[in-house]
Amino acid sequence: MLKGLGKHSTSPSNIAVWFLFLSMSISLAAKVAFADSEKKVYIVFMDRPIGQDLRDYAIQILSSVLGSHKAAEEALGYVYRRVGPGFSGRLTPEQATRLQY
């Protein structure tokens, strides 16, 4: 143990706090990784919107399922313009099912 530096302490209470922080961080990382592993990339084809950008339209569609504009932007992958109007996005199977209707 280093003494006299005054910046760090290895008292039992500080060790307990760091252990708690570390275990919470690992738990949160595991939950995020598990939730993200449920998502797959889906390709969605749609009618070409009249007077609206395809990307904006794709985000509007995804927002209706994901609940927010930000979540839709994060899930959006590629916007297809040449082959046919559509987009790819990372979604859970439940979200993909809700997009069908």
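**Close-up 1. Arg 98 in helix 4 of the predicted model**. Arg 98 is part of helix 4, where helices (H or I, at least four residues) and strands (E, at least two) are DSSP runs numbered from the N terminus. Because its relative accessibility is 47%, Arg 98 counts as partly exposed, the class between buried (under 20% relative accessible area) and exposed (over 50%), with a 1.4 Å probe and protein chains only. Leaving aside neighbours within four places in sequence, Arg 98 is in contact (heavy atoms within 4.5 Å) with Ser 64, Val 65 and Leu 66, and its side chain reaches the backbone oxygen of Val 65 at 2.3 Å. Arg 98 and Ser 64 stand 34 residues apart in sequence, with 9.4 Å between their C-alpha atoms.

**Close-up 2. The largest nonpolar core**. A nonpolar core is a set of buried Ala, Val, Leu, Ile, Met, Phe, Trp, Tyr and Cys residues joined through side-chain atoms within 4.5 Å. Among the 15 residues of this one, Met 46, Leu 62, Leu 76, Phe 87 and Leu 99 touch the most other members. Helix 2 (54–66), strand 2 (76–80), strand 3 (86–91) and helix 4 (93–99) each supply at least two residues, and the largest share, 6 residues, comes from helix 2.

**Close-up 3. Helix 1 and model confidence**. Helix 1 (residues 12–37) has the lowest mean pLDDT among the elements, 47, pLDDT being the predictor's confidence in each residue, from 0 to 100. Over residues 16–35 the pLDDT stays under 50, and the model has 0 contacts there beyond four places in sequence.

Residues are numbered from 1 along each chain as its sequence is written, and side-chain values use heavy atoms, without hydrogens and water. In this predicted model, local features need pLDDT of at least 70 and side-chain atom pairs count only at pLDDT 80 or more, whereas totals for chains, interfaces and linings use all residues.

Conventions:
A polar contact is a pair of N or O atoms within 3.5 Å; within protein, one must be able to donate a hydrogen and the other to accept it, and residues adjacent in sequence count only if both atoms are side-chain atoms.
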